[in-house]
Amino acid sequence: MNYIFTYKVHNPVLTLNYLLFQEQEIYIVKFGAGLGFTKGYFSQFLPLSGKEVTYGTNGGILKLEAIFSSRLGEKVYVHLSTDVKIGLTDEARDANGNKLIIRKPFEEDRNLRLNFTGVAIRFGFSYYF
């Protein structure tokens, strides 16, 4: 028997950056922090009933970031950035307000939350002509 489930999370974040600027424009460093909201959906297809049930949840997100840009030549720049995101949500509920319960053998039942922690590192070049 196949159980099919999908989830989607939308997290728009408003980030404010503090710019450390060097006068010769050799490098630029930015530090930022942001807050936003999280809207998540979890859908599961139940093969015995042939129905798909969707649960929704809301929450918040915190983001911290650091960005470094440096000029390598007259027209070439290198960029390095990293960010950390932490998202916390409420318990997922269907359209009738019922919570999705996760049952584990020999452990306590839990309600589904779409909480997450993410770390990203980006590296790139820019060439202006």
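Where is Asp 94 found? Asp 94 sits in the loop between β5 (76–89) and β6 (101–102), where strands (E, at least two residues) are DSSP runs numbered from the N terminus. The model is predicted, so local features need pLDDT of at least 70 and side-chain atom pairs count only at pLDDT 80 or more, while totals for chains, interfaces and linings use all residues. Residues are numbered from 1 along each chain as its sequence is written, and side-chain values use heavy atoms, with hydrogens and water left out.

A salt bridge is a side-chain nitrogen of Lys or Arg within 4 Å of a carboxyl oxygen of Asp or Glu; for charge, Lys and Arg count as positive and Asp and Glu as negative, with His and the chain ends not counted. A polar atom of the Asp 94 side chain does lie 3.0 Å from the backbone nitrogen of Asn 96. Not counting residues up to four places away in sequence, Asp 94 touches Val 53, Thr 54 and Tyr 55, contact being heavy atoms within 4.5 Å.

Leaving aside neighbours within four places in sequence, the contacts of Tyr 55 include Asp 94, Phe 42, Ala 92 and Leu 100. Tyr 55 also belongs to the largest nonpolar core, which has six residues: Phe 42, Tyr 55, Ala 92, Leu 100, Leu 112 and Leu 114. Such a core is a set of buried Ala, Val, Leu, Ile, Met, Phe, Trp, Tyr and Cys residues joined through side-chain atoms within 4.5 Å.

Across the whole structure, the search finds six salt bridges. One of them joins Arg 122 and Asp 83, at 3.0 Å from N to O. This pair links distant parts of the chain, with Arg 122 in strand β8 and Asp 83 in strand β5, 39 residues apart. Arg 122 is partly exposed at 37% relative accessibility, whereas Asp 83 is buried at 5%. The two strands themselves pair in the antiparallel sense over 12 bridges, pairing being called when DSSP finds at least two bridges between strands. The bridge partner of Asp 83 in β8 is Ala 120. Strand β8 (residues 116–127) is hardly covered, with one buried residue among its 12.

A second salt bridge connects the side chains of Arg 113 and Glu 91 (3.7 Å, N to O). Arg 113 lies in the loop between β7 (110–111) and β8 and Glu 91 in the loop between β5 and β6, so the pair ties together parts that are 22 residues apart in sequence. Arg 113 is partly exposed, at 40% relative accessible area. Salt bridges with shared partners join Glu 91, Lys 99 and Arg 113 into one network.

Lys 63, in strand β4 (residues 51–71), forms a salt bridge with Glu 65, their closest N and O atoms being 3.5 Å apart. Both partners are buried, Lys 63 with a relative accessible area of 14% and Glu 65 with 11%. Beyond four places in sequence, Lys 63 is in contact with residues including Val 13, Thr 15, Asp 83 and Lys 85.

Notes. Helices (H or I, at least four residues) and strands (E, at least two) are DSSP runs, numbered from the N terminus. A polar contact is a pair of N or O atoms within 3.5 Å; within protein, one must be able to donate a hydrogen and the other to accept it, and residues adjacent in sequence count only if both atoms are side-chain atoms. Buried means under 20% relative accessible area, exposed over 50%, partly exposed in between (1.4 Å probe, protein chains only).
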